Amino acid sequence: MTHPLLSALSLYDLALARAETLAPGVLAFGETPPDASSREVPYLIVDPDAGFDEVARADGLVSARRGRFDVRCCGSSRRQALFALDAARGAFADWRPYPLDRRFGAVRETDAGPLIEDKSVPTDPRFSFTLTFDLDD
């Protein structure tokens, strides 16, 4: 019996909904927010990722898909970015986006980027970390 492969759109929607549960302490967005709505607050930006298909059969057909999404943990200060980072790790630790489907386990953090400082607007600095989460199909 073959199962439909993991949908990138479905995983992204579920990840964004999960991040939105952190409000009002940490805001969540599905794209880069306007400056006015993200100034002086910790926030997350959930970015979709294409993931990749695995071919493990002699017939060359795709046998599994690895889903992925990125979470940018941001703020107007280093402390806000670190607060957002801790909140994101807490929200996605042991999170099972498809709890009724035994094919899928919990997402796992597979990469973390260094602190990025954006001081291109001197009166509105931004700081961020990026986390990558994977889900095996």
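In the predicted model, Ile116 has Ser128 of strand E6 as its bridge partner. This contact belongs to the pairing of strand E5 (residues 116–118) with E6, in which three bridges join the two strands and the direction is antiparallel. Strand E4 (residues 108–112) is likewise joined to E6, by four bridges, and this pairing also runs antiparallel. Strand E6 itself covers residues 126–136, and nine of its 11 residues are buried, so the strand is largely enclosed by the rest of the structure. In general, the side chains of a regular strand alternate between the two faces of the sheet.

The loop between E5 and E6 contains Asp124. With a relative accessible area of 9%, Asp124 falls under the 20% cut-off and is therefore counted as buried. Between the C-alpha atoms of Asp124 and Ala93 the separation is 31 Å, and the two residues are 31 residues apart along the chain.

Helix H3 spans residues 78–92 and has 15 residues. From its first C-alpha to its last, H3 reaches 21 Å, close to the 21 Å expected at 1.5 Å a residue. The buried residues of the helix are Gln80, Ala81, Ala84, Leu85, Ala87, Ala88, Ala91 and Phe92. As a general rule, an α-helix has 3.6 residues a turn, so residues three or four places apart point the same way. Just after H3, a positive phi of about 60° is found at Asp94.

Aromatic contacts were examined next. A pair of aromatic rings is described by the distance of the centres and the angle of the planes. Over the whole structure, the search returns seven aromatic pairs. One of these is formed by Phe69 and Phe133, which are stacked, with 5.4 Å centre to centre and 20° between the planes. This pair links distant parts of the chain, with Phe69 in strand E3 and Phe133 in strand E6, 64 residues apart. Both Phe69 and Phe133 are buried. A further pair consists of Phe92 and Trp95 in an edge-to-face arrangement, with 5.3 Å centre to centre and 70° between the planes. Phe92 counts as buried because its relative accessibility is 1%, and Trp95 counts as buried because its relative accessibility is 9%. Phe69, Phe92, Trp95 and Phe133 are linked by ring pairs into a cluster.

Empty space was considered last. Rolling a probe the size of a water molecule over the atoms shows where such space is left. The largest pocket has a volume of about 280 Å³. Its lining comprises 16 residues, of which Thr32, Asp35, Tyr43, Asp118 and Arg126 are the closest to the pocket centre. Two or more lining residues are given by each of helix H2 (35–38), strand E2 (43–54), strand E3 (64–75), E5 and E6. The largest share, three residues, comes from E6. By class, the lining of the largest pocket holds seven nonpolar, four polar and five charged residues.

Key
Residues are numbered from 1 along each chain as its sequence is written. This is a predicted model: local features need pLDDT of at least 70, side-chain atom pairs count only at pLDDT 80 or more; totals for chains, interfaces and linings use all residues. Side-chain values use heavy atoms; hydrogens and water are left out. Buried means under 20% relative accessible area, exposed over 50%, partly exposed in between (1.4 Å probe, protein chains only). Two strands pair if DSSP finds at least two bridges between them. The expected span of a helix is 1.5 Å times one less than its number of residues. On a 1 Å grid over the protein atoms alone, a cavity is a set of points where a 1.4 Å probe fits but cannot get out, and a pocket is an open set with protein on both sides within 12 Å along at least five of seven lines; lining residues have an atom within 4 Å of a point. Grid points are joined across faces, edges and corners, and a volume is the space filled by probe spheres set on the points. Ala, Val, Leu, Ile, Met, Phe, Trp, Tyr, Cys and Pro count as nonpolar, Asp, Glu, Lys and Arg as charged, and the others, Gly among them, as polar. Rings of Phe, Tyr and Trp (its six-membered ring) pair if their centres lie within 6.5 Å; planes under 30 degrees apart count as stacked, over 60 as edge-to-face and the rest as tilted.
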